[in-house]
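Please read the points below alongside the sequence and the 3D view.

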Amino acid sequence: MWKEENNSLYKRFEFKDFSDAFAFMTKVALLAESSNHHPKWTNEWNKVEIWLSTHDQGNVITEKDRKLAAAIDKVV
Ligand SMILES: C[C@H](O)[C@H](O)[C@H]1CNC2=NC(N)=NC(=O)C2=N1
């Protein structure tokens, strides 16, 4: 479930190991490039944390963030 936190959509993902986490990140990177909308994220071994906001609109949550969040949920 994505949470609204400090004007961002936030979600934490956990995988079996680093390889699965990085495979997920690779898919998200491709989604981000094709929509020209990029996550702020961290990765530590099997965990990936993602924050989505729209800088161009002054760092607020917009439809672009909601669309990317929905697309990310589909590639997990
Ligand atoms: C110039 C370029 O279109 C912008 O910087 C894009 C790139 N990726 C982006 N990603 C995110 N998350 N928010 C933005 O506002 C944004 N803007």
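Asn 7 is found in the loop between β1 and β2; strands (E, at least two residues) and helices (H or I, at least four) are DSSP runs, numbered from the N terminus. The model is predicted: local features need pLDDT of at least 70, side-chain atom pairs count only at pLDDT 80 or more, and totals for chains, interfaces and linings use all residues. Residues are numbered from 1 along each chain as its sequence is written, and side-chain values use heavy atoms, with hydrogens and water left out.

- Phi of Asn 7 is near 60 degrees, a positive value in a residue other than glycine.
- Asn 7 counts as partly exposed because its relative accessibility is 49%, where buried means under 20% relative accessible area, exposed over 50%, and partly exposed in between (1.4 Å probe, protein chains only).
- Asn 6 is found in the loop between β1 (3-5) and β2, and has a positive phi of about 45 degrees although it is not a glycine.
- With a relative accessible area of 72%, Asn 6 is exposed.

**Overall architecture**

- The protein chain has 2 helices and 4 strands, and its elements run β-β-α-β-β-α from the N terminus on.
- For 76 residues, a compact globule would have a radius of gyration near 11 Å, and the 12 Å of the protein chain agrees with this; the radius is taken over C-alpha atoms, and the globule rule is 2.2 Å times the number of residues to the power 0.38.
- Taken along the principal axes, the C-alpha atoms of the protein chain fill a box of roughly 35 × 25 × 15 Å.
- Of the 76 residues of the protein chain, 36% count as buried.
- Among contacts (heavy atoms within 4.5 Å) with a separation of 6 or more, residues 24 or more positions apart account for 60%.
- The protein chain exposes about 5,000 Å², and carbon and sulfur atoms supply 51% of it; accessible areas come from the Shrake-Rupley method with a 1.4 Å probe, and for residues only the protein chains shown count as cover.

**Glu 14**

- Glu 14 lies in strand β2 (residues 8-14).
- The C-alpha atoms of Glu 14 and Lys 47 are separated by 4.6 Å, although these residues are 33 residues apart along the chain.
- Not counting residues up to four places away in sequence, Glu 14 touches Asn 46 and Lys 47.
- The side chains of Glu 14 and Arg 12 make a polar contact (3.0 Å), that is, a pair of N or O atoms within 3.5 Å; within protein, one must be able to donate a hydrogen and the other to accept it, and residues adjacent in sequence count only if both atoms are side-chain atoms.

**Ligand surroundings**

- The residues around the ligand (a heavy atom within 4 Å) are Asn 36, His 37, His 38, Ser 53, Thr 54, His 55 and Asp 56.
- By class, this shell has no nonpolar, 6 polar and 1 charged residues; Ala, Val, Leu, Ile, Met, Phe, Trp, Tyr, Cys and Pro count as nonpolar, Asp, Glu, Lys and Arg as charged, and the others, Gly among them, as polar.
- A polar side-chain atom of Asn 36 lies 2.8 Å from an oxygen atom of the ligand.
- The protein covers 67% of the 390 Å² of accessible area that the ligand has on its own.

**Thr 54**

- Thr 54 is found in the loop between β4 (47-52) and α2 (63-75).
- Thr 54 is buried, with a relative accessible area of 4%.
- Leaving aside neighbours within four places in sequence, Thr 54 is in contact with His 37, Asn 59, Val 60, Thr 62, Lys 64 and Asp 65.
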